[in-house]
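Colleague: I am new to this structure and would like to learn how to read it feature by feature. Could you take me through it slowly, giving the general idea before each case?

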Amino acid sequence: MPSENVLGLSRNDYKGRKSTLCPGCGHDSISNQIISMAFDLGLEQHNLLKMSGIGCSSKTPAYFLGRSHGFNALHGRMPSVVTGALMANRELKAVAVSGDGDTGSIGMGQFKHVIRRNIPFVYIIENNGVYGLTKGQFSATADEGQELKYYGRNDLPAIDLALEAIIAGATFVARSFSGDAKQVQSLLQAAIRHKGIAVIDIISPCVTFNNSELSTKSYPYGKENEIPLHEIQVVAPDYVEAKEEITIGDYDAGEIIDVDMHDGTLVRLKKLGRDHDPRNRLQALTVLEEAQREELFLTGLIYYEEPRPTLAEAENLVPTGLVKLPAEALRPSADQLADVMASFR
């Protein structure tokens, strides 16, 4: 691995402050993969935006990309702040971190609407099924029938945030496990290139309040039951022509799915025995329903489609970000305003 990237920066240059989370927390593993993704791709931190809401997960932006812009929003309101920031400056790339409580409960309305508006950023849900910051209450994604030492039994059905994302209209939806660094890294690289909102639901065990082997959000369950839908490789443009370098003999299914990204790269998916095509919306919904019904832990790129217009495109905004427009372009003159008012009479 090279010690410097194309910008001449080391991996350490992409780190943040020292983590204050519990030793072994899955969130720290995800932060490390965000650091690696930004280093490997040579992302310029002054053009990066990192956002979060409230919760253990939402503390993590302090631990990565220390030279980028960051904002810790109100509980569940991160999507609104990201929307405003990216409408003002469309040149920024944004990575936002939320938790299952921040997204699946107080922020559910914002989650659905930011997807409907197709704001182009990476929306990471660090999903542990519990409110760790307030000592371990069940969250909206906790397993039905699960029991915790201090809070008894959860009799409510879990919300599947990947399923909700597809229903809301997201065009890039993935699920992964914080203990699977390789897959998380590949998904992050593909997500940052996606033209539109990219939702990644990452099961990230809470080692303090929800790591029972009976919980589908625990390390023991994840390591024992993870079923990757495919191997994922992000292929740079220089390698597209050399397709013969991909060893077809490595698998029996005889099929590779290529997903073109808009920067000229592609995501190459090698099937691992499950007949899943992430470009099929009905099939994506079906595998998630199956996983929920049979308590399967399916990971990988679950759904992808050609990006639909972002909010800025749908609203026909000028290409230049609002932050770079002069005041005279943002404010109508008195005569222009009078003409507009006259048009309504």
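Colleague: How many salt bridges does the count come to?

Modeller: This is a predicted model, in which local features need pLDDT of at least 70 and side-chain atom pairs count only at pLDDT 80 or more, while totals for chains, interfaces and linings use all residues. Residues are numbered from 1 along each chain as its sequence is written, and side-chain values use heavy atoms, with hydrogens and water left out. A salt bridge is a side-chain nitrogen of Lys or Arg within 4 Å of a carboxyl oxygen of Asp or Glu, and by this rule the count comes to ten.

Colleague: Which parts of the chain does the salt bridge between Asp13 and Arg67 tie together?

Modeller: The side chains of Asp13 and Arg67 meet at 3.1 Å, N to O.

Colleague: Is Arg67 buried or exposed?

Modeller: The general idea is that buried means under 20% relative accessible area, exposed means over 50%, and partly exposed lies in between, using a 1.4 Å probe and protein chains only. Arg67, at 52% relative accessibility, counts as exposed. Arg153, which forms a salt bridge with Asp155 with the closest N and O atoms 2.5 Å apart, is partly exposed at 49%.

Colleague: Are Asp201 and Arg175 buried or exposed?

Modeller: Both Asp201 and Arg175 are buried, and their side chains meet in a salt bridge at 2.8 Å, N to O. Asp201 lies in strand β10 (residues 198–203) and Arg175 in strand β9, so the pair ties together parts that are 26 residues apart in sequence. Asp160 joins Arg175 and Asp201 in a network of salt bridges.

Colleague: Which residues touch the most other members of the largest nonpolar core?

Modeller: A nonpolar core is a set of buried Ala, Val, Leu, Ile, Met, Phe, Trp, Tyr and Cys residues joined through side-chain atoms within 4.5 Å. Here the largest one has 38 residues, and those touching the most other members are Phe111, Ile115, Phe121, Tyr123 and Val199. Helix α6 (residues 161–168) gives the most to this core, with six residues. A second, separate core has 36 residues, including Met37, Leu48, Val97 and Leu187.

Colleague: How many aromatic pairs does a search of the whole structure find?

Modeller: Rings of Phe, Tyr and Trp (its six-membered ring) pair if their centres lie within 6.5 Å, and planes under 30 degrees apart count as stacked, over 60 as edge-to-face and the rest as tilted. The search finds six such pairs. In one of them, the rings of Phe111 and Tyr123 have centres 5.2 Å apart and planes at 70 degrees, so the pair is edge-to-face. Phe111 lies in helix α5 (residues 108–117) and Tyr123 in strand β4 (residues 122–127), so parts twelve residues apart in sequence are tied together. Phe111 is buried at 0% relative accessible area, and Tyr123 is buried at 1%. Ring pairs also link Phe111, Phe121 and Tyr123 into a cluster.

Colleague: How far apart are the ring centres of Phe177 and Phe297?

Modeller: Their centres are 5.7 Å apart and their planes are at 80 degrees, so this pair is edge-to-face. It links distant parts of the chain, with Phe177 in strand β9 (residues 172–177) and Phe297 in strand β15 (residues 297–304), 120 residues apart.

Colleague: Which residues other than glycine have a positive phi of about 55 degrees?

Modeller: Most residues other than glycine have a negative phi. Here Glu295 has a positive phi of about 55 degrees, and it lies in the loop between α10 (281–294) and β15. Asn316 likewise has a positive phi of about 55 degrees; Asn316 lies in the loop between α11 (311–314) and α12 (327–330), and counts as exposed at 67% relative accessibility.

Methods: Helix = DSSP H or I, 4+ residues; strand = E, 2+ residues; numbered from the N terminus.
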